[in-house]
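Subject: Structure handover

Hello,

Here is the structure we talked about. My notes on it follow below.

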Amino acid sequence: MRSITQSRKLSGVRYDVRGPILQEAERLEREGHAILKLNIGNPAPFGFEAPPEIVEALRLALPAAQGYSDSRGILPAREAVSRFYADEGVPGIHPDDVIIGNGVSEMISLVLQALVDDGDEILVPSPDYPLWTAQVTLSGGRAVHYPCDESNGWMPDLEAIEALVTPRTKGIVLINPNNPTGAVSSAELVRGFASLAERHGLVLMSDEIYEKILYDGAAHEHAARHVADTLCLTFSGLSKAQRVAGYRAGWVAISGNRERATDFLEGLTLLANMRMCANVPAQHAIPVALAPESRGSGIGELCAPGGRLREQRDVAHALLTSIPGVTCELPGGAMYLFPRLDPEQFPIIDDQAFVIDLLRATHVLVTNGRGFNLATPDHLRFVTLPSVPVLTEAIGRIAEYLDTVRVR
Ligand SMILES: Cc1ncc(COP(=O)(O)O)c(C=O)c1O
């Protein structure tokens, strides 16, 4: 019989955060080994539980949430998102400009399927959260990576980005704060992205899922504040700051020049209709999570001095950077560290194989930098969600391992 093959659409589509490295970790677990997992930004399993009122909102909604909703989402959720942006200094996002999805992930997929034709180009940061590159590829487009400069706090150079624009370029992605680097874009840089998008008529797609996870007084700037002449799509949701990644509650908010985009927006509505609606019970958590009184959801305290997220970031950063040959930019946001292993001391050729060897030797699971579309095989991504004792144990084992493979 003919073998059953995957579609050709999947060739070149990669998502290494849950790829072969994780499979090897699962194999080791089946053999009875305990694995320290520093690979996925999933707050709840690390004891970062959601504020109880968010959980309660979903529970109370269950009886009334049995039917499909409007495909854009229930009105109270879309109103709450609209009010949230107005209060954040982004006026003019009407509830009808909001589409609720099963997490930001679903909205990234829908938007790119609706926008991208075969051969279209989308400018994506390198490194990126790899779903962006994967979904551009799956949509038939080409992810053109603009480099973020580690020696400049992982900030990209706008002139270099502009040089990558071609007649096929249709959109540009900003991930702010970034996963995996944790870099927070300055207001000036965000304005620069907006004016570049406007000059070239590009759709500006701003992934702001980590907008409230900020350290050391870092300030987050909404791209939508600066876009008038072109279309801006802002992505966010409850998975990270509100710690309910499993509820699958996210959204895209549409702003800027919608008249220029009526055809695309019809396509996006068609795709939203085709998948009926997002998970309805979770949508009921959105108005509660975004109500002005619970807006912080305790995330500010977790990120402030003495807060768990901040302390774990600091401890992990100090431990990693005390390893000879390891350097790491201190992230201003998000929940990751993206250290560099000096290629002179660690001449890594295949970083996925390196991470699998490291996993087998230490039983610590991290992700390789190339999994985030970095050009060079010299970075690892750590999640800073585990407790200080777990981070200390994990990084201690990694330090010992690096001692054994370092070229002297
Ligand atoms: C930058 C970024 N965008 C989007 C997502 C997906 O979020 P969601 O849980 O809302 O699908 C993640 C998850 O890690 C992320 O890091």
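The protein chain contains 14 helices and 15 strands. Please keep in mind that this is a predicted model. Along the principal axes, the C-alpha atoms occupy a box of roughly 60 × 60 × 50 Å. The radius of gyration of the protein chain is 21 Å, which agrees with a compact globule, because a chain of 408 residues would then have a value near 22 Å.

Ligand site

The ligand takes up the space of the largest pocket. Around the ligand there are 13 residues, and those that come nearest are Val104, Ser105, Asp207, Tyr210 and Ser239. Sorted by class, this shell has six nonpolar, four polar and three charged residues. Which helix gives the most to the shell around the ligand? That is helix α4, spanning residues 103-115, with three residues.

- Ser239: a polar side-chain atom at 2.7 Å from a ligand oxygen.
- Lys240: a polar side-chain atom at 2.8 Å from a ligand oxygen.
- Asn179: an N or O atom of the side chain at 2.8 Å from a ligand oxygen.

On its own the ligand exposes 400 Å², and 94% of that is buried by the protein.

Backbone

As background, most peptide bonds are trans, and most residues other than glycine have a negative phi. The exceptions I noted are these.

The peptide bond from Asn176 to Pro177 is cis, with omega near -10°. Pro177 belongs to the loop that runs between β6 (169-175) and α7 (187-200). A cis peptide bond also joins Asn179 to Pro180, where omega is near 20°. Pro180 is likewise in the loop between β6 and α7.

Elsewhere, Trp154 is not a glycine, yet its phi is positive, at about 65°. Trp154 sits in the loop between β4 (142-149) and β5 (155-156).

Regards

Definitions and conventions:
Residues are numbered from 1 along each chain as its sequence is written. This is a predicted model: local features need pLDDT of at least 70, side-chain atom pairs count only at pLDDT 80 or more; totals for chains, interfaces and linings use all residues. Side-chain values use heavy atoms; hydrogens and water are left out. A residue is near a molecule or strand if one of its heavy atoms lies within 4 Å of it. A polar contact is a pair of N or O atoms within 3.5 Å; within protein, one must be able to donate a hydrogen and the other to accept it, and residues adjacent in sequence count only if both atoms are side-chain atoms. Accessible areas come from the Shrake-Rupley method with a 1.4 Å probe; for residues, only the protein chains shown count as cover. On a 1 Å grid over the protein atoms alone, a cavity is a set of points where a 1.4 Å probe fits but cannot get out, and a pocket is an open set with protein on both sides within 12 Å along at least five of seven lines; lining residues have an atom within 4 Å of a point. A molecule sits in a cavity or pocket if more than half of its atoms lie within 2 Å of its grid points. Helices (H or I, at least four residues) and strands (E, at least two) are DSSP runs, numbered from the N terminus. Ala, Val, Leu, Ile, Met, Phe, Trp, Tyr, Cys and Pro count as nonpolar, Asp, Glu, Lys and Arg as charged, and the others, Gly among them, as polar. The radius of gyration is taken over C-alpha atoms; the globule rule is 2.2 Å times the number of residues to the power 0.38.
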